[in-house]
Amino acid sequence: MLARLILSTVAVLTTALILDGVHIEHWWVAAVVAVVLGGINTFIKPVIKILSIPVTIVTLGLFSFVINGLMVLLCEKIIGESYFHVDSFWAAILFSIILSVVNWVIHKMFDTEK
C-alpha cells in the first residue's frame with residue numbers, strides 16, 4: 001500500500017510538472033492529493049457516475065471527462081487552493097486525463113501487484 005502511495009505521489013508530481021495550469025506548493029502536498037483523490041474516486045465518484053448515467057449515454061461517454069474534472073476541482077477545494085491549485089475547469093480535465101496515463105505507465109513499470 002505504501003508503494004502504491006509513493007507511485008501515485010510521483011504520478012501527481014509528474015503531471016503537475018507537465019501542466020502549466022496545475023500548481024502544487026510542496027512535494028508532500030502531492031501525497032495528500034493522491035490520498036484525497038483516491039478517497040474521492042472510491043466513495044464519491046461512483047455515486048456521481050450512477051446519477052449521471054443518462055447524460056453519459058447521451059454524450060456517448062464524454063461526460064465522464066467532466067466528472068473526472070469535477071473530482072479534481074473537489075480535491076482542490078478539500079486540500080485548499082494555497083497548496084493545490086488548478087487554474088481552470090479545462091486544466092482539471094486535462095490533469096485528470098494525463099494523471100490517468102502517467103499513473104498507468106508508472107504502475108506498469110513497477111508492477112505493484114506482484
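**Exercise 1. Describe how helix H1 packs against helix H6.**

Step 1: Helix H1 (residues 2–18) and helix H6 (residues 89–110) pack at an angle of about 135°, and their axes lie 9 Å apart. Here helices are DSSP runs of H or I with at least four residues, numbered from the N terminus, while axes are lines fitted to C-alpha atoms over the stretch in contact, with angles from 0 to 180 degrees between N-to-C directions.

Step 2: H1 and H6 are therefore oblique to each other, since angles under 35 degrees count as roughly parallel, over 145 as roughly antiparallel, 65 to 115 as roughly perpendicular and the rest as oblique.

Step 3: The contact (heavy atoms within 4.5 Å) includes Leu 7 and Val 10 of H1 and Phe 95 and Ile 98 of H6.

The model is predicted: local features need pLDDT of at least 70, side-chain atom pairs count only at pLDDT 80 or more, and totals for chains, interfaces and linings use all residues. Residues are numbered from 1 along each chain as its sequence is written, and side-chain values use heavy atoms, with hydrogens and water left out.

**Exercise 2. Work out how H5 is placed relative to H6.**

Step 1: H5 and H6 pack at an angle of about 100°, with 8 Å between their axes.

Step 2: This angle makes H5 roughly perpendicular to H6.

Step 3: Among the residues that make the contact are Phe 65 and Leu 73 of H5, together with Phe 89 and Ile 97 of H6.

**Exercise 3. Find which elements give two or more residues to the lining of the largest pocket.**

Solution: These elements are H1, helix H2 (27–43), helix H5 (63–79) and H6.
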